[in-house]
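Q: Hi! I'm new to this one and would like a friendly tour. Could you show me what we're working with?

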Amino acid sequence: MNRIQSIDLTKGIGMILVILGHCVFFGGQIHNMIFAFHMPLFFILSGMVFKPKKDEKKLVLKKAKALLVPYLVFCGIGIMASIIIPVWRHELSIKGILYDIYLGNPENIHISSIWFLVCMFWVVMIAHYICKIENVNLRIIIVIMIAGIGFGFAEYNSNFDFLPDSRLPFCIDVALVATLFFFVGRLLKGFVRYQEKMDVRTFIILGAAAILFIIAYMSNGRTNLHALTFNNIFLYLVESITGSIAVILFCKFIDEKFGKLRVIHGIRWIGRYSLIILGAQSIFVRMYIVIINSLGYNFSMYQLPLIHQIVSFIAVTALSILYTYIYFLVKARIKGEIHE
């Protein structure tokens, strides 16, 4: 499979933004700005490269291997870390683990970012069936209806207090909303032509998207896709989609002009293996806080002083990359031994 280098670059930038959003806040402004579009960006990118398959069984097995297996592996790592680290071990409980299983969000085992893997699995399954519909207009109507159900549930989920945390199981509620972003990516696939160079029209669109994002973000305040926090839904759609478009086009420009630089190759590598880095950074962020607190502090996530925000971002990024590199080194070594 030929990879589109600027999409890998965009995923790499997106992954760096994920880590930045978990570590650096500056009064919440950077955190809130990143959360306005960073997860929709990944769903849009996935929609851009999605190729419908006729064989449903093969699709399910392929996506289960690519998404659910890593999810389970990281859950295992999270449980082991929670048993080993004393402060986490005291908080660990069967009830908490069952709660994580229901939500598809392993917060109690300190690796919550991997909710994305479960959610993406559902989004791809939904997209598979929608793409089977030949009538394009009917597809659009169904996508809007599914997203409408997701946004409606987010607005009135307090009425479903009989559900744990008033949420649907296994991130299905998030997947309903994320399906819209996935199909926005399908639409952008024809718009962003990677084989063509950036022209004046594309730069105008990039600038307009950036301006619209800033206006919508400044007007809408803090949002969070996974938490189903959207404030004004219209403004959220504007900020998430225009923010994603701006990043996609900006990365396309960077790839064209500076694609041969070593640092760009490095960011592409991060993008290529972003799913593994996603899980690694999630637990490293929390480990950093445990280490700092062992020195006599009492910090929690999103409450670190500025110096620790910067140090944690650098440390978590470096450790996540190192973990991913070692993983593939060991994997390649094992395959080599098998061949021998």
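**A walk through the model**

A: Happy to. Let's begin with S166, which is found in the loop between α8 (136-156) and α9. Keep in mind that this is a predicted model.

Q: Is S166 buried or exposed?

A: S166 counts as buried, because its relative accessibility is 14% and the cut-off for buried is under 20%.

Q: And what about F170, where does that one lie?

A: F170 lies in the loop between α8 and α9. Its phi is positive too, about 55 degrees, and F170 is not a glycine either. With 36% relative accessibility, F170 counts as partly exposed.

Q: Moving on to cysteines: how many disulfides are there?

A: The structure holds 0 disulfides. For C131, the nearest cysteine sulfur belongs to C119 and is 17 Å away. A disulfide needs sulfur atoms within 2.5 Å, so C131 is in no disulfide.

Q: How far is C171 from its nearest cysteine sulfur?

A: That distance is 5.7 Å, and the sulfur is again that of C119. C171 is in no disulfide.

Q: How far apart are A175 and L20?

A: They are 155 residues apart in sequence, and their C-alpha atoms are 24 Å apart in space.

Q: New topic: helix pairs. How do α10 and α11 cross?

A: The axes of helix α10 (residues 200-220) and helix α11 (residues 233-258) come within 8 Å and cross at roughly 145 degrees. The crossing of α10 and α11 is left-handed.

Q: Which residues meet there?

A: From α10, they include F203, L206, F213 and Y217, and from α11, they include Y236, E239, L249 and F253. By class, the contact of α10 with α11 has 17 nonpolar, 5 polar and 1 charged residues.

Q: Tell me about E239. Where is it, and is it buried or exposed?

A: E239 is in helix α11, and it is buried, with a relative accessible area of 0%.

Q: What is E239 in contact with, beyond its sequence neighbours?

A: Leaving aside neighbours within four places in sequence, E239 is in contact with A36, F37, F213, A216, Y217, N220 and T223. Of these, F213, A216, Y217 and N220 are in α10.

Q: And how far is E239 from F25?

A: Their C-alpha atoms are separated by 19 Å, and the two residues are 214 residues apart along the chain.

Q: Last stop, α13. How many residues does it have, and how far does it reach?

A: Helix α13 (residues 274-293) has 20 residues and reaches 29 Å from its first C-alpha to its last, close to the 28 Å expected.

Q: Is α13 enclosed or open?

A: Helix α13 is largely enclosed by the rest of the structure, because 15 of its 20 residues are buried.

Key:
Residues are numbered from 1 along each chain as its sequence is written. This is a predicted model: local features need pLDDT of at least 70, side-chain atom pairs count only at pLDDT 80 or more; totals for chains, interfaces and linings use all residues. Side-chain values use heavy atoms; hydrogens and water are left out. Helices (H or I, at least four residues) and strands (E, at least two) are DSSP runs, numbered from the N terminus. The expected span of a helix is 1.5 Å times one less than its number of residues. Buried means under 20% relative accessible area, exposed over 50%, partly exposed in between (1.4 Å probe, protein chains only). Axes are lines fitted to C-alpha atoms, for helices over the stretch in contact, and angles run from 0 to 180 degrees between N-to-C directions. A crossing is left-handed if the near helix is turned anticlockwise from the far one by less than a right angle, and right-handed if clockwise. Contact means heavy atoms within 4.5 Å. Ala, Val, Leu, Ile, Met, Phe, Trp, Tyr, Cys and Pro count as nonpolar, Asp, Glu, Lys and Arg as charged, and the others, Gly among them, as polar.
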